[in-house]
Amino acid sequence: MSETGLLVSTRKGLLLGRSSKDRTQWDWSDLQRGGWIVDYSMHDPRSGKVWCSASHWQWGPRLHYTTDWGESWTEAGTPAFTDGERSVEAIWTVEPGGKPGLLYAGIMPGAMFASEDDGESWREMTSLSQHPAAEHWEPGAAGLVIHHISVDPDDPNRIVTGGSATGIMISYDGGESWSVRNEGIFNEHFPAEFQQGAPCVHSLLAHPLQRGRLWQQNHFGQYRSDDDGESWHVVGEDLPGVFGFPTAIDPRDPDVCYFVPHDSDQARMPYNGALAVYRTRDAGESWERLADGLPQEGFYHTVYRHALGQDAGDPLGLYFGSSGGELYGSTDAGEHWSLMREHLAPITAVRAFPLD
């Protein structure tokens, strides 16, 4: 197995971690982009760049990348509206597209941008933000955000997006046109005639091996789709509650999914202060509680929507961070957990990737 890279985004900067081959030892960078609110970071396997999307109280949202593990950073172009009426408040996600130099960014308020020159310039994908469904979009507690973008590795024209509160949108032509995919998602805030309008997505993952298999954590429950969101099935009946933020998958098994339940949309913390990750290995028919090594009392933090990630190891490695600045990891698919770092700023995102 190769070494693993880990990107830990926080509200005070970014940490880069490098594991030993057995993932038992980690070397950490100094804090990068210190003082910036890092909303998301990702490794682009095509270029080797580590991208960081961050916001600063004085300079606003910016995109930076490093090619030397944080020894130096380069500022890229910044997505910007051209209508003079809207401004980009934050860049919530950056994802590689299907050809060299193509990047996508999901931003607040409610839009998606594309770059065809590796982040030097950006254009708004108005086919999404001007779609008729956008009339029903409403801000969630974090604002009106496109925060998940999934590009099919086998068909880069197939793109699935999720947002708060934009619901699920899918394109089969590289973003030229979009279809709404909210059938079967319940929203207790909407009357019956608007049930399929714009449910509040918290996380959305498309499985790379099984086309059509989507996992969604919604404001009102955990869902699975087997037909690219044409229909959604509630799969959280065995969970202790419907509310939560992050989702992770096993890239080798479409039936495996992980979720961190919270007690309600009011308190937004684990039940009774007992932290646990739940796993299904049968496509949501049943769930098991995984808590060995996790605090079982007095844990009153949130795990945010991007703050649970997985690697490609065998067995699977899982990593998550909390709003209390604690980072936990497992190298055996969640059976056992250990505390990797503490005393960090609130952790907004955790992403793992293989190192050559």
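Trainee: Is cysteine 257 buried or exposed?

Mentor: This is a predicted model, in which local features need pLDDT of at least 70 and side-chain atom pairs count only at pLDDT 80 or more, while totals for chains, interfaces and linings use all residues. Residues are numbered from 1 along each chain as its sequence is written, and side-chain values use heavy atoms, leaving out hydrogens and water. Buried means under 20% relative accessible area, exposed over 50%, and partly exposed in between (1.4 Å probe, protein chains only). The relative accessible area of cysteine 257 is 0%, so this residue is buried.

Trainee: How many disulfides does a search of the whole structure find?

Mentor: A disulfide is a pair of cysteine sulfur atoms within 2.5 Å. The sulfur of cysteine 200 has its closest cysteine sulfur in cysteine 257, 17 Å away, which is too far for a bond. Cysteine 257 is likewise in no disulfide. The number found in the whole structure is 0.

Trainee: Which residues does leucine 294 contact, leaving aside its neighbours within four places in sequence?

Mentor: Contact means heavy atoms within 4.5 Å. With those neighbours set aside, the residues in contact with leucine 294 are Leu275, Ala276, Val277, Phe320, Tyr328 and Trp337.

Trainee: Is alanine 274 buried or exposed?

Mentor: Apart from neighbours within four places in sequence, alanine 274 is in contact with Arg289, Pro295, Gln296 and Glu297. Its relative accessible area is 16%, so alanine 274 is buried.
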